[in-house]
Amino acid sequence: KPYSQSESLISPFMVRNILAQFFYQSIVLVTLIFEGDQIFEIPTGRQLGHAADPTQHYTIVFHAFVVMQLFNEVSSRKCNGEINILEGIERNWLFSSILVGTLVIQYILVQFAGDFAQVTPLTIAQHGACILLGLGGIGVALLVHLIPVDWMPKMPESRPEEFEQEESEKDADVGDEKSEDRSITSPHEPMLPNGVATVALEEKEHV
């Protein structure tokens, strides 16, 4: 159905999805930063300073963050409470191509960019863990449907008087243009289009 001009751009469904992804990704990233070295049994990347070499620890943090954003794009395809977020994705070849292309570029960046991107190559297991964390965001997007949307805060609507003022200003501008068009013709002559009236006025002045 059409949306009202005064309706908020962000719906309660979108607020629910945004909050869910915010908390999920925040928990994942904080856990990886402070416990990732122990989870993956790798040297820590914390408190090494800017001059230190890139570490697998912070490369995993970076890689997991990007992958979660990619899968969040899939979760955000439906923003009105639909459960099947994959519906019609096979028909949107552009979206699928961008998604796959970004994932491939991200893999190449992590494996081969080195000092240029301040990363270090990861193992297949570490790549797989980052992919699973990204898929976890889709799981969160599905589980969040258990939360009633009525519990979400409503975003403020645009004030209707703003739109009424804009419409009145547009009407006033149109009225001024019509008045200018009438002023180029004599009150005793019939109303002519703008271009015709200008030509007639120039002929009179020439005579």
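**Briefing: an all-α chain and its cavity**

The protein chain exposes about 14500 Å², with carbon and sulfur atoms supplying 63% of it (Shrake-Rupley areas, 1.4 Å probe). Keep in mind that this is a predicted model, where local features need pLDDT of at least 70, side-chain atom pairs count only at pLDDT 80 or more, and totals for chains, interfaces and linings use all residues. Numbering runs from 1 along each chain as its sequence is written, and side-chain values use heavy atoms, with hydrogens and water left out.

**Fold**
- You'll find 6 helices and 0 strands in the protein chain, going by DSSP runs (H or I, at least four residues, for helices; E, at least two, for strands).
- The pattern along the sequence is therefore α-α-α-α-α-α.

**Packing**
- Of the 207 residues in the protein chain, 27% are buried (under 20% relative accessible area, 1.4 Å probe, protein chains only).
- Among contacts with a separation of 6 or more, 66% join residues 24 or more positions apart; a contact means heavy atoms within 4.5 Å.

**Cavity**
- The whole structure has 1 cavity of 30 Å³ or more, a cavity being a set of points on a 1 Å grid where a 1.4 Å probe fits but cannot get out.
- About 30 Å³ of space lies in the largest cavity, counted as the space filled by probe spheres set on the points.
- Helix 1 (12–39), helix 2 (56–75) and helix 4 (124–143) each give its lining at least two residues.
- Lining residues (an atom within 4 Å of a point) include Tyr24, Met68, Phe71, Asn72 and Ile138.
- By class, the lining has 5 nonpolar, 6 polar and no charged residues, with Gly counted as polar.

Definitions and conventions. On a 1 Å grid over the protein atoms alone, a cavity is a set of points where a 1.4 Å probe fits but cannot get out, and a pocket is an open set with protein on both sides within 12 Å along at least five of seven lines; lining residues have an atom within 4 Å of a point. Buried means under 20% relative accessible area, exposed over 50%, partly exposed in between (1.4 Å probe, protein chains only).
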